[in-house]
Amino acid sequence: MYVNPYANLTEARPLRVNFHTHAGTGPNTCGRNPIDQVAERYRELGYDALCLSNHDLYTDASSYTDDKMTLLDGVEYSPRAHMLTVGIRRSLHELEHQPAINETRKDGGFVILCHPNWQHKEYWPWADLDRLTGYLGIEVINQLIYRLSGSGLAADTWDHLLSSGRLVYGFGNDDFHLYSDAGRSWNWIYAASPAYPDIREAVEAGRFTASTGLTLERLTLDDEDTVTVRARHMKDSYVDTFTYRFVTDGGRVSAVVTGQEACFTLTGESYVRVEVIGENGSMLFTQPVYDPDRLKRM
């Protein structure tokens with residue numbers, strides 16, 4: 001029997017969240033822009049929660065929380081291949097990757113591995129990803145990378161991990177450094193509120209999508225093996241036709257459907273995830289529907 005992480009969504013709207021933001025550390029740093037101005041920019045874009053994640057430095061941004069947007073704790077670990085340590089109030093830069101992941105979890109946080117294809121393919125070597133345990137997911141889309149070098153898309157890494165039996169999730173983040181970076185990649189999280197405990201509970205259950213402009217209307221699993229998915233534009237639009245790509249074991253695109261919605265019947269695959277593409281190139285990445293006997297958290 002397959003697990004559908006979207007089976008029990010509440011009627012509440014999904015929350016728009018970015019976990020990767022640099023601000024408040026001054027000129028000539030990645031956080032050159034003032035926190036209040038960065039927070040205001042994300043409020044204007046309609047975000048519900050924002051994680052301030054400076055490099056190897058905890059920055060308390062709690063005073064910028066208001067009734068429109070919650071500021072979340074976090075740090076970007078960066079002495080080696082980068083990762084977001086979300087929900088903690090200290091830097092773990094003195095540790096190797098595995099102890100830093102372990103300490104993040106002890107502190108009640110979770111870990112997202114950053115931009116796996118920055119600079120070159122396998123910025124995050126797959127051998128390292130196979131060895132490490134305890135991280136929740138990777139950035140499957142980080143559009144900052146497209147103005148730097150390498151690729152901001154890491155679907156290849158994601159499918160490698162899923163196909164090896166590791167249940168990890170795909171996140172979308174801005175990796176904000178400049179104002180032009182804001183609002184390009186984000187997460188729609190089906191959480192009870194933007195408070196950190198609710199955000200964490202939702203992402204650990206896979207109740208979210210990564211997006212560059214689309215949102216999920218529904219994803220159902222019928223007769224235990226048939227996935228039906230329907231997306232829409234995040235803004236009002238008469239356009240309701242999208243391209244749906246069903247990706248299975250080994251990163252194989254097992255079906256491509258163009259229409260208002262699409263269906264795919266599993267025939268023994270360990271997982272299927274859906275990529276939805278809009279007419280302007282905007283994308284939506286769902287978390288996998290998976291066989292719990294073959295995909296497990298590690």
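Mentor: Contact means heavy atoms within 4.5 Å. The model under discussion is predicted.

Trainee: What share of the contacts with a separation of 6 or more joins residues 24 or more positions apart?

Mentor: Of the contacts in the protein with a separation of 6 or more, 61% are between residues 24 or more positions apart.

Trainee: What secondary structure does the protein have?

Mentor: The protein contains 5 helices and 18 strands.

Trainee: Why is the protein called as compact as a globular protein of its length?

Mentor: The globule rule gives 19 Å for 298 residues, and the radius of gyration is 18 Å, close to that value; the protein is therefore as compact as a globular protein of that length. The C-alpha trace spans about 55 × 45 × 35 Å along its principal axes.

Trainee: How much of the protein counts as buried?

Mentor: Of its 298 residues, 56% count as buried. The accessible surface comes to about 12000 Å², with 48% belonging to carbon and sulfur atoms.

Trainee: Why is Arg16 called buried?

Mentor: Buried requires a relative accessible area under 20%. Arg16 has 5%, so Arg16 is buried. This residue is found in strand β1, residues 15–21.

Trainee: Which residues are in contact with Arg16, leaving aside its neighbours within four places in sequence?

Mentor: Arg16 is in contact with Leu45, Gly46, Tyr47, Asp48, Ala49, Gly183, Trp186, Asn187, Trp188 and Met234.

Trainee: How far apart are the mean positions of the positive and negative charges?

Mentor: The mean positions of the 28 positive and 41 negative charges are 2 Å apart.

Technical notes. Residues numbered from 1 in each chain as written. Predicted model: local features only at pLDDT ≥ 70, side-chain atom pairs only at ≥ 80, totals over all residues. Heavy atoms only, no water. Helix = DSSP H or I, 4+ residues; strand = E, 2+ residues; numbered from the N terminus. Rg over C-alpha atoms; globule rule 2.2 N^0.38 Å. Buried < 20%, exposed > 50% of the residue type's maximum accessible area, 1.4 Å probe, protein only. Areas by Shrake-Rupley, 256 points an atom, 1.4 Å probe, with all protein chains shown as cover. Lys, Arg positive; Asp, Glu negative; His and termini not counted. Charge placed at Lys NZ, Arg CZ, Asp CG, Glu CD.
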